[in-house]
Each structure stands twice: as C-alpha cells, then as structure tokens.
Amino acid sequence: MLLISQLSFIYKFIRFLYTMYLFKVILTFVLSCSPCLSDCGCNINRNGQCNKEENEIKPHNKYGREINSNGEFSKMNFETSNMVLIKHGIFEMGTNKPMFVSDMEGPARNISIKKDFYLDIFEVSNENFYDFVRMTGYKSEAEIFGDSFIFEMSLAENQRDSYEDVRAVGAPWWIKLKGVTWKHPEGPDSTIEDRMSHPVVHVSWNDAKTYCQHLGKRLPTEAEWEMACRGGLKQKLYPWGNKLNPNNQHWANIWQGEFPKTNTGEDGYIFTNPVNEFPPNKFGLYNMAGNVWEWTEDDWQTDPENSKVKKGGSFLCHESYCWRYRCAARSFNTKDSTAANLGFRCAKDIS
Ligand SMILES: [Ca+2]
Ligand SMILES: [Ca+2]
C-alpha cells in the first residue's frame, strides 16, 4: 500500500511540474507578444516572434497622411490633391477675332460645361511620370518608335547641320532624332535628372491618356481646358488678361527674340520651366499658356480618326510666328506624335 501511495505522490508531483511548465510557456508567449493581442497591426513573423520594429512608426512616417488618418485614408483626397475644382457653368469659347482662321478658333459661342470637374494645377512633371513608369513599367510611344522631335536649338551648333535629312517638312527647326524619349529629352546622352520638376515631354496622346487613366483621371475636353484657361475672365486673350506683360513682368514662358534664330530667354527660360513657375490664373492654374502644349480629349475636326486638339502654346511660341499662347488658340497633332514642347495635365470627374 505504501508503494502505491508513494507512486501516486510522485505521479501527482510530476503532473504538477508539467502543468507549471506549460503555464510558464504560455505566460512567456503572452508577455513576449502582447501587442499581437491588441489591434496594433502587429504581425507574427515566420519564426513566431512578434516583429515590433516593423510596427513602430518611423520618424519620416510620423506625419504621413496614412498614419494620421485613423485608417480613414481617402483615395479621393489623395487623387485630387494638386487639383482644383472648377464649377460647371456657361462660358464664351473661341473668338470672333481669330489669329489663325484655319485653326477654327472662332466664332465666339456660349458653351455649357454641365458638371463640376477637377483639373491638375500643374502640367504633369517628369517626377510624376517617373513615378508612374516605376509603378507600371510603362513604355512610352517614343520609346517604342525609337525617336521623337526636338528643336534645333537643343543641339550644339556644330551638330545642327548633320540632321538635314530628318528635318520636319515646312518647319525645318524640328529635327527627328533617334533615342529621344521622355527621360532622354535631347537624345541618349541627355537626362531629366536636373529637371524633375519640369513638364514631361515627348509623350503622345496615347501616353497621356494611359497616365491619366492609371490615376483614375482623364484628359480634359477642349471646352473644359479653355474654360479653365480663362479663369472666369470673359474674352481675354490670355489667362491673366489682354496685355502680354502687365506690370512689365513675364506671365508665361514663351519666346522672346527673332523666331527661330534668336531666343533671348528674357522670361528666364529658353526651354521648359518648372511646372510651378510663373503666376497662376484666377482659378489657381499654372502655365495654362506657354511652357508646353497640352493634349485634350477632343478630336481635330478635319482628321477625327487620327488627330487630337492641343491647347496653350509653348516656350517656342512667338507672336510673329505661333501666337497660340492665347486661351482661344488651338492646334493638333496625331495621337502618336511626340515632341519637346508637348505635354499634358489631367482632369477628373467628381465621383
Ligand atoms: Ca522663354
Ligand atoms: Ca502649358
């Protein structure tokens, strides 16, 4: 009997020790990974440990939009940052004093924009397009075709004569150069690293449309673009009024000097400028006139299958030759065209 009693005691003792051991193991686990039991977003990693480091808020994230939004991060707000809301309404589009009749600038007529819409404050920049390409791996049409058009002044003087055979007909200051793309704007040896805040160029209408769609946006219609350009002013030449240089200041990046030979760059820029330079119009929009032409959604009337309307003129425009940095002015290119002075901005519907 004594033996049975002793064995029973030993069994109970061992069971006690085992229970204590299990208790210790469970307690250790709970203490080492208590954040996992709260809603801190802590994840148990592969070896079963709670990876606290990954869940700490790093200083550079401390004031980030997502961190401070209590999980209410609004995609809508993010997408419409750097956009302005333009209210619907009727405005007078076109002009009764066309500078280029063949461009069908006239007549002036009342156009109704039926819905409010957002429009990018700035032209799409190299930095914007770089982010898009990094995320999507997108290949632009100039990259696929292998060339694009640059202005002859972009080349060193001793290089210009060697491109006689690839100059544009009727506009010999345009040279079609191999290896020119949005990230190599003057050929393979050039870079955008020193102009990430400048507008992206050498992008086709198809590229522009794809970019906008990726962000849940779209290209503006010509009417939306022109209404935005006018900024609430009625029948003024420019986004800021009728005088080209009020207060003796430059209000847009265009050409000063004798086109196409001499550009004095009096406005500060021979080529493109950063997208946030020059004063905005009354709607807060920058560079609607000048800097780079901007693609719109609309077909060009006489070639609706292939060509799209572009608006706003560019840094190459001069009153003597291409007085198209007026809100009513318009021109066109085929959808797959690319050039050093052609970019875009996006619009967005209110959802
Ligand atoms: Ca200029
Ligand atoms: Ca522009």
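The exercises below concern a predicted model.

**Exercise 1.** State in which order the strands of the open sheet lie, and which strands form its edges.

*Solution.* Step 1: the sheet has 3 strands, in the order β1-β4-β14, with antiparallel pairing. Step 2: β1 (83-86) and β14 (347-349) each pair on one side only, and these are the edge strands. Step 3: on average, neighbouring strands of the sheet are turned by 25° against each other, direction ignored.

**Exercise 2.** Find how many bridges join β1 to β4, and name the partner of Met-83.

*Solution.* Step 1: β4 covers residues 117-120 and runs antiparallel to β1, with 4 bridges between the two. Step 2: Met-83 has Asp-120 of β4 as its bridge partner.

**Exercise 3.** Describe the largest nonpolar core and the elements that supply it.

*Solution.* Step 1: this core has 60 residues. Step 2: Leu-119, Ile-150, Val-201, Ala-208, Leu-219 and Ala-228 have the most contacts inside it. Step 3: among the elements that each supply at least two of its residues are β1, β4, β5 (147-151), α7 (205-214) and α8 (222-230). Step 4: leaving aside neighbours within four places in sequence, the contacts of Val-201 include Trp-182, Pro-185, Thr-272 and Val-292.

**Exercise 4.** List the buried residues of α7 and say what they pack against.

*Solution.* Step 1: the buried residues of α7 are Trp-205, Asp-207, Ala-208, Lys-209, Tyr-211 and Cys-212. Step 2: their packing partners are α4 (126-136), α5 (141-145), β10 and β11 (307-311). Step 3: just after α7, Gly-216 takes a positive phi of about 75°.

Key: Residues numbered from 1 in each chain as written. Chains lettered and ligands numbered in written order. Predicted model: local features only at pLDDT ≥ 70, side-chain atom pairs only at ≥ 80, totals over all residues. Pairing = 2+ DSSP bridges. Axes fitted to C-alpha atoms, helices over the stretch in contact; angles between N-to-C directions. Core = buried A, V, L, I, M, F, W, Y, C linked by C-beta atoms within 7 Å. Buried ≥ 20, exposed ≤ 12 C-beta atoms within 10 Å, placed from the backbone. Contact = placed C-beta atoms within 7 Å.
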